[in-house]
Amino acid sequence: MAAQACRYGAILTGRGVRFRLWAPAARHVELIIGAQAHAMRAKPHGEFELLLDVPAGTAYRYRIDGASEVPDPASRRQQGDVDGYSVVVDPHYPWRHPDWAGRPWKEAVICELHVGCLGGYDGVRERLASIRAAGYTAIELMPVGEFPGQRNWGYDGVLPYAPESSYGTPDALKALVDAAHGLGLMVLLDVVYNHFGPHGNYLHAYAPAFFRGDQATPWGAAIDFRRAQVRRFFIDNALMWLEEFRLDGLRLDAVHAIASPTFVPRLAQAVRERLPRGRHVHLVLENERNDAGLLRGAARAQWNDDGHNALHVLLTGEHEGYYADYARDPLGRLARVLSEGFAFQGQRDRHGRRRGQPSGDLAPTSFVLFLQNHDQIGNRALGERLSALVPPARWRVAMALVALSPMVPLFFMGDEWGCATPFLYFTSHPAELGAKVREGRRAEFAAFSAYASAQQRARIPDPNARATFEASVPRVDDAGAAAAARAWFRGLLELRLRVLVPRLEPCRALGCERLGEAALAARWELADGSLWTLAFNLGERAVAFAAPDGSRRVHGEDAHGAASGDGLPPGSFGAWHGPGHAA
């Protein structure tokens with residue numbers, strides 16, 4: 001990316017560094033470098049600008065109306081955390097794989113990971129070969145925009161242009177991306193455009209117009225995407241990640257909390273107009289609204305929370321919180337997901353609200369299917385992974401279903417070896433805010449039967465304690481079992497990439513058949529007219545099932561070791577490939 005394309009921040013030009021800030025509530029703004037204060041020129045529409053001959057590496061701040069000093073909201077690097085100085089960055093980097101053009105979306109098998117838990121940018125880079133050897137074709141980084149402290153999930157970020165400094169330098173992040181590309185791995189990044197974190201965001205002081213006074217989100221006042229300056233701030237940020245850092249895609253967090261129906265299409269259009277046609281770049285959404293329209297041209301895919309929730313209820317029997325929407329008929333909900341994409345396509349949820357739109361016309365690859373992710377693990381009070389909640393045989397059935405579904409599969413770091421380490425919610429806020437977060441989190445669980453009493457809620461780990469973060473770092477408890485699990489997992493993904501992926505576009509769901517109270521068969525017609533069939537039985541009794549005529553069983557899981565013949569024993573799963581009906 002030509003860094004000059006970013007409207008805001010400190011940008012190197014041939015004539016010096018151009019500093020630009022949108023501060024519509026400020027009367028005057030000064031650029032502070034060391035002991036020197038440089039008056040910035042007021043420009044139309046609330047912008048302040050200054051061109052100054054300083055080198056990359058220069059630390060600076062802005063002084064607003066002769067009083068408060070603040071970091072650059074478009075800072076490219078921070079010195080001294082979110083309250084410290086911003087740093088001028090030279091964006092140029094000696095890429096070793098400059099011709100990398102990405103991979104088609106149908107090839108994506110995603111490993112979601114937390115950079116801090118794996119040792120920062122350099123730590124992730126050192127693990128890339130192992131991740132690739134497990135069969136993954138993509139990694140997805142949880143948010144890395146600068147957040148307060150050194151431990152955070154990333155969703156408390158306040159400086160979205162600055163890669164988190166506790167993880168390493170911007171160049172270290174680029175080295176990670178470059179190394180991934182050298183191994184054939186795509187790199188996706190989770191970005192947060194719906195809110196800022198609770199500490200270190202100074203925009204309210206000099207740009208209150210950045211926010212809406214008439215709408216709120218769970219994190220505070222809604223960001224005002226009606227304003228051109230606000231849209232430009234975030235669209236330029238997305239382009240920075242895709243061009244300057246050469247990322248292969250973005251996962252847009254909680255777009256249902258973005259109070260603008262046009263922002264995602266505008267962002268998608270900007271990406272299409274700016275990037276070369278030969279590059280594979282993917283925009284993926286998290287969207288509780290199940291807005292299928294955004295998947296018909298704007299975004300490549302959406303995280304399929306419906307699929308996860310139905311599968312989780314089927315596996316565990318849990319029925320509190322958002323699982324209540326899936327408790328009555330989890331198998332039916334899952335059947336609809338596999339056949340049509342969303343389970344909720346306009347039906348009312350437990351609150352009486354209609355959610356979702358028809359999605360049956362969308363390709364299966366318009367949906368990202370997962371057994372768990374950072375949210376579904378870490379939003380549990382004790383951060384348990386599914387492998388700690390269900391017997392191994394049921395876990396393997398569910399893993400195989402996700403891996404071999406025509407939807408794009410996503411796994412959480414460590415799933416490839418059956419990791420049982422919890423992933424807890426952690427922060428490193430200042431003490432007073434940290435105490436509020438701790439008590440607020442515990443209060444959230446008061447409605448759950450397991451945490452109805454204050455004594456029970458006191459067991460919930462303190463997010464601000466270092467030990468909470470350390471307990472979340474994935475570890476291998478049994479090297480032999482982990483190696484066996486990795487080999488099994490790699491076999492699943494090799495089968496997917498060898499048999500399913502070449503035939504995925506176009507792919508058409510042919511519907512599902514209930515085989516029992518917790519057993520299902522799903523079928524798809526692949527691009528070459530052949531038939532792909534998945535069937536599983538999570539019930540207590542064997543069920544009748546006959547494989548399609550001429551189909552060959554290409555994978556099987558059977559807890560009882562009796563995979564031959566027709567029928568599905570309890571705890572079993574199978575995948576079949578064969579000629580279609582026309583054959």
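## Salt bridges, strands and cores: a quick tour

Glu-30, Arg-61, Arg-63 and Glu-69 are linked in a network of salt bridges. Hello everyone, that is my way in today. Before going further, please keep in mind that this is a predicted model.

How many salt bridges are there in the whole count? The total comes to 34.

Let's begin with Arg-227, which pairs with Asp-224, with 3.7 Å between the closest N and O atoms. Is each partner buried or exposed? Asp-224 has a relative accessibility of 3%, so it counts as buried. Arg-227, at 36%, is partly exposed.

Next comes Arg-274, which forms a salt bridge with Glu-243, and here the closest N and O atoms are 3.4 Å apart. Which parts of the chain does this pair tie together? Arg-274 belongs to helix α5, residues 263-274, while Glu-243 belongs to helix α4, residues 228-244, so the bridge connects parts 31 residues apart in sequence. Arg-274 is partly exposed, at 32% relative accessible area, whereas Glu-243 is buried at 13%.

Glu-557 counts as buried, with a relative accessibility of 7%, and Arg-396 is partly exposed at 29%.

Strand β28 takes us to the sheet, so please find β29, residues 572-578. How many of its residues are buried? Seven of its seven are, so to speak, under cover. On one side you have Ser-572, Gly-574, Trp-576 and Gly-578, and on the other Phe-573, Ala-575 and His-577; both faces are covered.

Which strands does β29 pair with? One is β28, residues 552-558, which runs antiparallel to β29 and is joined to it over six bridges. If you want a landmark there, look for Gly-556, whose bridge partner in β29 is Gly-574. Another is β27, residues 531-537, also antiparallel to β29, with seven bridges between them. The landmark here is Asn-537, standing opposite Ser-572 of β29.

Now for the interior. As a general reminder, nonpolar side chains in soluble globular proteins tend to be buried together. The largest nonpolar core in this model has 165 residues. Which of them touch the most other members? They are Phe-19, Tyr-193 and Trp-241. Let's stay with Tyr-193 for a moment. Leaving aside neighbours within four places in sequence, Tyr-193 has contacts that include Ile-223, Phe-225, Phe-234, Leu-252 and Ile-258, as well as Trp-241. There is also a second, separate core of 14 residues, with Trp-100, Ala-108, Ile-110 and Leu-410 among them.

My last stop is a pair of helices. Helix α6, residues 305-316, packs with helix α7, residues 330-340, at an angle of about 150°, and their axes are 8 Å apart. The crossing is left-handed. Which residues meet there? From α6 they include Asp-306, Gly-307, Ala-310 and Leu-314, and from α7 they include Pro-330, Arg-333, Leu-334 and Val-337.

To finish, let me leave you with one place to look on your own screen: β28.

Notes
Residues numbered from 1 in each chain as written. Predicted model: local features only at pLDDT ≥ 70, side-chain atom pairs only at ≥ 80, totals over all residues. Heavy atoms only, no water. Buried < 20%, exposed > 50% of the residue type's maximum accessible area, 1.4 Å probe, protein only. Helix = DSSP H or I, 4+ residues; strand = E, 2+ residues; numbered from the N terminus. Pairing = 2+ DSSP bridges. Core = buried A, V, L, I, M, F, W, Y, C linked by side-chain atoms within 4.5 Å. Contact = heavy atoms within 4.5 Å. Salt bridge = Lys/Arg side-chain N within 4 Å of Asp/Glu carboxyl O. Axes fitted to C-alpha atoms, helices over the stretch in contact; angles between N-to-C directions. Left-handed = near helix turned anticlockwise from the far one by under 90°.
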